[in-house]
Amino acid sequence: MAFLTLEGVSKEFGSFTAVRDVTLTIDKGEFVSLLGPSGCGKTTTLQMIAGLVEPTEGRISLDGRDITREKPNHRGLGVVFQSYALFPHMTVTQNVAFGLEMRRVPSAERMERVREALSLVQLTSFADRYPRQLSGGQRQRVAIARALVIAPPVLLLDEPLSNLDAKLREEMQFELRRIQRKVGTTTIMVTHDQAEALSISDRVVVMEGGRMTQVDAPYRLYEQPSNAFISSFVGKTNLLAGTWRRNGTSSAVDIGGVLLEASAPEIAAGTPVTLSIRPEKILMRDAGAGRLEGRVASRFFLGSQWLFTIDTPIGTMMVSTPNQGVEPPAEGSPVGLDWSPANLRIIAGTAAAAA
Amino acid sequence: MIARSSTLSAPWLLAGPGALFFFGLVLLPLALTVILSFHAYDHSTGIQNTFTLSHYVTVVTDSYYLEIFWRTLRIAALTTLICAAIGVPEAYILSRMRDPWRSVFLLVIIGPLLVSVVVRTFGWSMLLGSQGLVNQALQLVGFAPARILYTETAIVIALVHVMLPFMVIPVWTALQKLDPMVEAAAWTLGASHFTALRRVVMPQVTLGMLSGSLIVFGLSASAFAVPALLGGRRLKMAATLVYDEYLHELNWPLGAAIAIIVLVANLCIMLAYNRMVEARARRTLG
């Protein structure tokens with residue numbers, strides 16, 4: 001059931017269109033990420049939902065109520081800002097209690113709910129500290145508690161993890177998901193980090209140049225990206241430009257004279273296409289045993305896996321293999337590359353330019 | 001060893017010129033003024049080489065002087081209050097402006113500092129005089145002409161005009177350090193614009209307001225040109241009183257005693273105020 005809907009929402013700043021015609025339906029309890037590079041309009045979209053930016057066109061409704069022109073203090077949505085925007089002159093408790101105070105919640109109940117919120121984010125022992133006495137991760141959790149304590153119908157997170165270091169960021173991803181699962185609040189998160197979006201969302205909305213280009217579950221987004229931009233932005237991929245060939249029942253992509261077998265029913269022979277294959281879908285074999293011969297140009301050890309770049313007749317390919325505990329082929333040694341044709345994604349036509 | 005001794009003397013050498021100036025131009029005259037204030041004075045023979053406390057006793061017991069001190073205090077406090085009431089909103093509006101306008105209005109606020117106080121004060125005396133623009137306007141709309149020039153009102157009006165930049169600039173600086181999203185966060189939590197200003201923005205500019213009001217109070221309490229030109233001969237403030245004792249009565253020791261009392265009183269008020277407000281603000285803002 002549609003809980004939050006955006007219909008044809010656009011925002012223009014002077015002659016610049018930050019967000020174009022975004023239409024999106026979000027169900028109750030869902031965790032949706034807005035993913036895209038900086039300047040793609042994802043933060044503006046979030047701010048329009050929060051009421052901090054007024055849309056130029058379109059309609060936003062929450063639980064059947066039109067909130068397009070409603071002031072942010074009447075929407076009652078929980079917002080976690082990128083800078084956390086904590087009140088520096090108030091203690092953690094006062095920060096979290098602020099929203100309840102504004103709602104004139106009686107003091108006894110207010111204290112009880114603040115305590116609950118702080119225990120949810122595991123900050124009970126920091127209740128009397130000031131924000132400046134907290135670490136980045138703790139500030140971030142205060143911001144989440146402050147947004148959640150008012151029991152908002154929707155929680156909006158603006159790049160909530162971008163100010164944290166890598167290890168903390170990973171921990172907080174799971175923490176965020178745990179909290180969201182427990183509270184069950186409909187959540188929209190803006191991020192430029194595809195790994196973050198994939199790991200914690202129910203659905204990911206990819207935005208490019210102010211437009212939504214794909215809305216899908218993380219797994220489907222990764223396996224079936226709708227264009228070359230998404231396939232390279234979400235995870236790593238090898239993009240190869242070629243021409244579509246058809247010979248009776250068999251079809252293939254012709255890349256500089258090398259034919260790679262693939263299937264894509266809707267494309268006419270002779271069409272220029274882009275072929276995409278993920279590095280982990282390529283298997284490394286002995287020289288002569290694969291579909292394509294190559295030579296290891298460089299290799300990087302990433303702990304759990306190895307990442308190779310391999311020179312082949314059709315260009316340089318990225319290949320990743322899990323670390324099996326044996327040393328893999330050294331730089332300069334010849335190898336064969338193999339894959340299952342089903343893992344070759346064909347992206348039609350001009351999309352190559354977008355990569 | 002040479003390197004060591006030169007690194008040791010470097011801070012002294014660097015601080016030297018400034019310290020010398022401070023000693024020669026502030027401490028030494030101040031010490032001389034203190035000594036002067038204890039010299040006895042005789043109307044026929046001038047400054048005596050004997051020492052006495054009588055000038056201080058005269059000042060603190062004579063209602064004439066006490067009234068002037070009280071007026072100085074009142075005018076300085078009122079000026080500070082009005083400057084805060086006008087300057088803080090002004091600084092807030094300024095900080096929310098976009099760029100071409102912000103620079104223009106910042107210049108408008110700082111601009112008056114480029115004009116001499118004396119010139120500006122003469123300007124006010126023309127505006128506020130009995131046939132000045134203000135009275136003409138009052139008569140035009142049917143009011144009786146008001147006597148503004150040579151009253152405390154005139155002094156306060158002109159002082160506010162002179163002092164406003166000293167309030168706006170520290171508050172504006174404090175606002176610059178504020179994350180604009182903090183205010184937005186208050187809105188999303190249900191605060192109205194006014195509540196967000198009162199509960200979230202204002203407490204964070206307390207320190208700016210504090211330093212602004214200290215500057216304004218100190219400068220107003222020791223202002224000379226404005227009360228001299230707009231207060232007339234009879235409505236004196238501390239600085240004009242000192243001037244009169246020195247140059248009209250030629251009683252330098254008494255003038256020095258008044259100057260020292262004004263200095264000490266000013267210091268006491270400012271330090272007490274600073275301790276009271278700043279201690280609280282520092283505790284929460286860090």
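This is a predicted model: local features need pLDDT of at least 70, side-chain atom pairs count only at pLDDT 80 or more; totals for chains, interfaces and linings use all residues.

Trainee: How many helices and strands does chain A have?

Mentor: Chain A has nine helices and 20 strands. Both are DSSP runs numbered from the N terminus: helices are H or I with at least four residues, strands are E with at least two. The C-alpha atoms of chain A fill a box of roughly 75 × 50 × 35 Å along the principal axes.

Trainee: Why is Ile310(A) called buried?

Mentor: A residue is buried if 20 or more other C-beta atoms lie within 10 Å of its own, exposed if 12 or fewer, and partly exposed in between, with C-beta atoms placed from the backbone. Ile310(A) has 25 C-beta neighbours inside 10 Å, so it counts as buried. Ile310(A) sits in strand β17 (residues 305–312) of chain A. Across chain A, 39% of the 355 residues count as buried.

Trainee: What does Ile310(A) touch, leaving out residues up to four places away in sequence?

Mentor: Its contacts include Gly294(A), Val296(A), Val319(A) and Leu337(A). Two residues are in contact if their C-beta atoms, placed from the backbone, lie within 7 Å. In chain A, 66% of the contacts with a separation of 6 or more are between residues 24 or more positions apart.

Trainee: What makes helix α1 (residues 42–50) of chain A mostly covered?

Mentor: Nine of its nine residues are buried, among them Lys42(A), Leu46(A) and Ala50(A). After α1(A) comes Gly51(A), with a positive phi near 95°.

Trainee: Which strands are the edges of the six-stranded open sheet in chain A?

Mentor: The order is β6-β7-β8-β3-β9-β10 (chain A), with mixed pairing. Two strands pair if DSSP finds at least two bridges between them. The edge strands are β6 (78–80) and β10 (211–216) of chain A, as each pairs on one side only.

Trainee: How do you know that β3(A) and β9(A) pair?

Mentor: Four bridges join strand β3 (residues 31–35) to strand β9 (residues 203–208) of chain A, and the definition asks for at least two, so they pair. These two strands run parallel, and Val32(A) stands opposite Arg203(A) in β9(A).

Trainee: What makes something a nonpolar core?

Mentor: It is a set of buried Ala, Val, Leu, Ile, Met, Phe, Trp, Tyr and Cys residues joined through C-beta atoms within 7 Å. The largest one has 153 residues, of which Ala145(A), Leu156(A) and Leu159(B) touch the most other members. Helix α7 (residues 152–176) of chain B gives the most to this core, with 17 residues. Apart from neighbours within four places in sequence, the contacts of Ala145(A) include Val96(A), Leu118(A) and Val121(A).

Trainee: How many residues does each chain bring to the contact between A and B?

Mentor: Chain B brings 17 residues and chain A brings 20 residues. On the side of chain B that touches chain A, α8(B) has the largest share, six residues.

Notes:
Residues are numbered from 1 along each chain as its sequence is written. Chains are lettered from A and ligands numbered from 1 in the order in which they are written.
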